[in-house]
Amino acid sequence: MLTLMVFSLIGLAHSSAIPPNNLRLDYQVFSDQEDAKLSVPEIITKYGYPCEEYHVVTPDNYILTLHRIPHGRTPKNGPKEVAYLQHGILSSSADWIISGPEKGLAYVLADEGYDVWMGNARGNKLSRNHTYLNPDTSDEFWDFSWHEIGYYDLPTMIDFVLEQTGKADLFHIGHSQGTTTFYVMTSMRPDYNAKIKAHFSLAPIAYMNHMTSPLMHIIAFWQKPLTVLLNLIGVREFLPSTEFMAMGGNILCGDDSLTQILCKNALFAICGFSPKEMNGTLLPIMSGHTPAGSSTKQFMHYAQEINSGYFRRFSYGVFQNLQKYGSIWPPSYDLRKITAPVYLLYSKNDWLAGKIDVDRLYKGLANVKGRFMVAEESFNHLDFVFGIRSRELVYNKVISLMAKL
Ligand SMILES: *[C@@H]1O[C@H](CO)[C@@H](O)[C@H](O)[C@H]1NC(C)=O
Ligand SMILES: *[C@@H]1O[C@H](CO)[C@@H](O)[C@H](O)[C@H]1NC(C)=O
């Protein structure tokens, strides 16, 4: 019964985005797996860049890890601007370096002369720590959504970066959930707008009711009969069941060994992938670093957005909402309070950041400076960080905009 409902749902939700079985790729997979096992600082120094690691504590006592590449391989003179990068769901600071020195955004920005900082949200494997709660045993540790990441983690990390560098503001670049947390921060704590020189949203996520990811539709479908959902994806920490992953496998997997690997990875199964942009050589490295961990509540919160069509705070049900927010429904994030300059970069085949949803976000933001559709039809959600042509299609645009500010 469950399977039947789920697959009829997929039939409705999903039409064109299934990758073909005949993938042809740069396929020296498993030749060099070293980067899969090394830590983020080890990889960065291996490629000849300086790296620093810092730990910060949020007001609610989560211990977070920050990585910094203070300059490129050949340091440039002159004043340095700070570029702060924030990863998406199930990801970490590793996202920005996995593609290697020619293509990883962190390296590219460092070589352009930026002082690059990379945050890690609570609950991923680099920020899975707390001053007194144990993530292995404490339910309380996992009781957070991206709301708390935007409200506590991001301001804590940004304040630390500004303090360390003596700067008044910084460039903020977010991918996916890293854009959601930016909107949460700047709408809930508007004084942080002044600390943002400009923000670049790669694959922006605020409204979600037009997204097409089949596995996110399943999560949204089961969000109300919650116990089913929690059995599928984990009660506190996101630990998808084999049943849940098998649903993804049935949708996404061809016979090709590459798709077989991809659809066993929760991140790719949820976000999709475009064969054209996928560099097979990077697969083992990606698999070594992602999925990096998230709470179940982050997914439940997104599922609520898919069902409601609102970009608003977590809904606990009528009675608890009344207690917590003083209203039956949770309050919406007020996009008009986001006065920092914002640029939106999105793509047509993105399974999560649907064009209609991005356009609605664009109209709501108080100080949006531009929106750019990636000039490649097949570009998908994760291609913004891992795509073969991410540099020419996305990063060069961001860099040229930053240079003018
Ligand atoms: C967690 O933080 C404490 C400091 O409060 C540190 O001693 C410990 O090594 C950290 N654990 C991990 C897994 O990083
Ligand atoms: C794939 O990644 C490897 C390792 O970073 C790189 O050497 C290669 O040039 C990439 N291939 C393409 C087509 O971008």
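Predicted model: local features only at pLDDT ≥ 70, side-chain atom pairs only at ≥ 80, totals over all residues.
Residues are numbered from 1 along each chain as its sequence is written, chains are lettered from A and ligands numbered from 1 in the order in which they are written, and side-chain values use heavy atoms, with hydrogens and water left out.

Select helix H5 (residues 146–165) together with helix H6 (residues 177–188), whose axes come within 8 Å and cross at roughly 80°; helices here are DSSP runs of H or I with at least four residues, and strands are E runs of at least two, numbered from the N terminus. The axes are lines fitted to C-alpha atoms over the stretch in contact, with angles from 0 to 180 degrees between N-to-C directions. This makes H5 roughly perpendicular to H6, a term that covers angles of 65 to 115 degrees.

Next, select strand E7 (residues 342–346) and strand E8 (residues 368–373), which run parallel and are joined by five bridges, where pairing requires at least two DSSP bridges between two strands. Within this pair, leucine 345 has phenylalanine 372 of E8 as its bridge partner.

Finally, select glycine 280, which lies in the loop between helix H11 (266–271) and helix H12 (283–289). Glycine 280 is buried, with a relative accessible area of 0%, where buried means under 20% (1.4 Å probe, protein chains only).

Definitions and conventions: Buried < 20%, exposed > 50% of the residue type's maximum accessible area, 1.4 Å probe, protein only. Parallel < 35°, antiparallel > 145°, perpendicular 65-115°, else oblique.
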